[in-house]
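Subject: Structure for you to look at

Hello,

Here is the structure I said I would send. Please open it alongside this message; my notes follow below.

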Amino acid sequence: MPRILIADDQADVLAALRLLLKAERFEIETAASPASVLKAVETQEFDVVLIDLNYARDTTSGSEGLDLVTRIQGLDPALPVVVMTAWGSVDLAVEAMRRGARDFIQKPWDNARLLSVLRTQVELSQALRRGERLEAENTALRDTTGFPAGSPRVVAESPAMKSVLSLAERIGPADANVLITGENGTGKEVIARALHAWSIRATKPMISVNVGALAEGVFESELFGHVRGAFTDAKTERIGRFELADGGTLFLDEIANLPLNLQAKLLRVLETGQFERVGSSKTRKANVRVLSATNTDLHVEAAEGRFREDLLFRLNTVEIHIPPLRDRPTDIKPLAEHFLRHHAERYRRGTQVLSEEALAALERYTWRGNVRELDHVIERAVLMSSGAAVTAFDLGLNTLREGRVSAPLEEMSLEEVERVLIQKALARCGGSANRAAEALGISRSALYRRLQKYGLS
């Protein structure tokens, strides 16, 4: 139901408007003075405000009402204001519109016109807020890790991971808060996205936030939003992540890194669903399912006083632990083949397969970086390989090259990767600079400059 705030100092006018608008399915709040209007706008959300221009202090000039229009616009520029008065004039109407009013109603009002004006302003208000929400949502989604929408593919053959997926499928629709634990790189966000996809909120947004990366100064603004002018750089309003996730799922990654003094603020919104944007006293509500993740034992952190125990209870209605890759070796092959298909398509390398030696090398490796490291190793191998079969040498696991241990792709600099790619292209092309440049997609002169830069012949 659209929410409307009606302000007039005459009780009979308020009663008549309440009777009319209630029959039209408006949710109504009333105020009898400018001070009451401002307090209501500061603390509640409305779709439109209908105010009289004249109050007890001055019953004819409209100055109180005009001043009220200005102050409402200062509190919420997007909130439509419709003014009404029995002492109407063209000049007064023009001045009200100049100060930000959207329309003008003269008393005694015509019911049909009044309802038409209010419905129009409600529709415009809701459309504007939806537009702001979508724009902010798209910006936030671009900041996430880039997983595709919907259910992500979870590759798992080991009994340990099948048990994790079975638990996730059972609790996905339950709408309970879930704490996902496991070492870095085990796939905690993949499980979070699967939980969202299996939930009743799947059609709503899932918003991800790396809590540990938020500085104290921006924590509240990022999660709860801020109003214009709340601090030096707040030139526009900002919608926080809780509002963006309203009706959907909020994923709080690296939750253990949240400073103790900020944990109380997070606890309050988890308990009540209520929060205020920075710089505003208006209380807002968000209906959000919270999924969180950490590689730290929060029970130990709580016992040692570094994490609030009451916050932990709110976060881990259900706890899912993801085992490290070294404890589920039967997942290595299917994961590697999955990443191989993905990166071969991404880099347009055609169909590629893992040689038996490459598979054996993958299964012998310890995988301290877990699934994330495996993904990067396969990506690097796709770039290094010169044929349809990826070899153990292409993987670069525990092999010496130019006096150093070959590192996974994420540990190599851009120049190191470029140098190795040029070497491989020259080797494939029999030392022909023309063919190597064509294979790399650069000009021959650009290749020569890089050969000179890296001391290659």
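In strand β3, V48 is the bridge partner of I4. This comes from a predicted model, so please read everything below with that in mind.

Another open sheet is made of 5 strands in the order β7-β10-β13-β6-β14, and its pairing is parallel. Here β7 (206-210) and β14 (318-321) are the edge strands, each with a single partner strand, so one side of each has no neighbour in the sheet. From one strand to the next, the twist averages 20°. Within this sheet, β6 (residues 178-181) and β13 (residues 289-294) run parallel and are joined by 4 bridges. T181 stands opposite T294 in β13. Helix α7 (residues 188-197) packs on the sheet and touches β6, β7, β10 (249-253), β13 and β14; its direction makes about 155° with that of β6.

Next, the nonpolar cores. The largest one has 32 residues, and F219, L223, F242, L250, L252, I255 and L266 touch the most other members. At least two residues of this core come from each of β7, α8 (216-224), α9, β10, α10 (260-272), α11 (298-303) and α12 (309-315). Helix α10 gives the most, with 5 residues. Another core lies apart from it and has 24 residues, including V37, L38, I51 and Y55. As background, nonpolar side chains tend to be buried together in soluble globular proteins.

F242 deserves a separate paragraph. Leaving out residues up to four places away in sequence, F242 touches L223, F224, L250, L266, V269, F275, A286 and V288. F242 and F275 are both buried.

How many aromatic pairs does a search of the whole structure find? The search finds 5. In one of them, the ring centres of F242 and F275 are 6.4 Å apart and the planes are at 40°, so the pair counts as tilted. F242 lies in helix α9 (residues 241-244) and F275 in strand β11 (residues 274-276), so this pair ties together parts that are 33 residues apart in sequence. Ring pairs also link F219, F224, F242 and F275 into a cluster.

Finally, some totals. The chain has 19 helices and 18 strands. Of its 457 residues, 48% count as buried. Among contacts between residues at least 6 apart in sequence, 70% join residues at least 24 apart. The chain exposes about 22600 Å², and carbon and sulfur atoms supply 50% of that area.

Regards

Technical notes: Residues numbered from 1 in each chain as written. Predicted model: local features only at pLDDT ≥ 70, side-chain atom pairs only at ≥ 80, totals over all residues. Heavy atoms only, no water. Phe/Tyr/Trp six-rings, centres within 6.5 Å; stacked < 30°, edge-to-face > 60°. Buried < 20%, exposed > 50% of the residue type's maximum accessible area, 1.4 Å probe, protein only. Pairing = 2+ DSSP bridges. Axes fitted to C-alpha atoms, helices over the stretch in contact; angles between N-to-C directions. Contact = heavy atoms within 4.5 Å. Areas by Shrake-Rupley, 256 points an atom, 1.4 Å probe, with all protein chains shown as cover. Core = buried A, V, L, I, M, F, W, Y, C linked by side-chain atoms within 4.5 Å.
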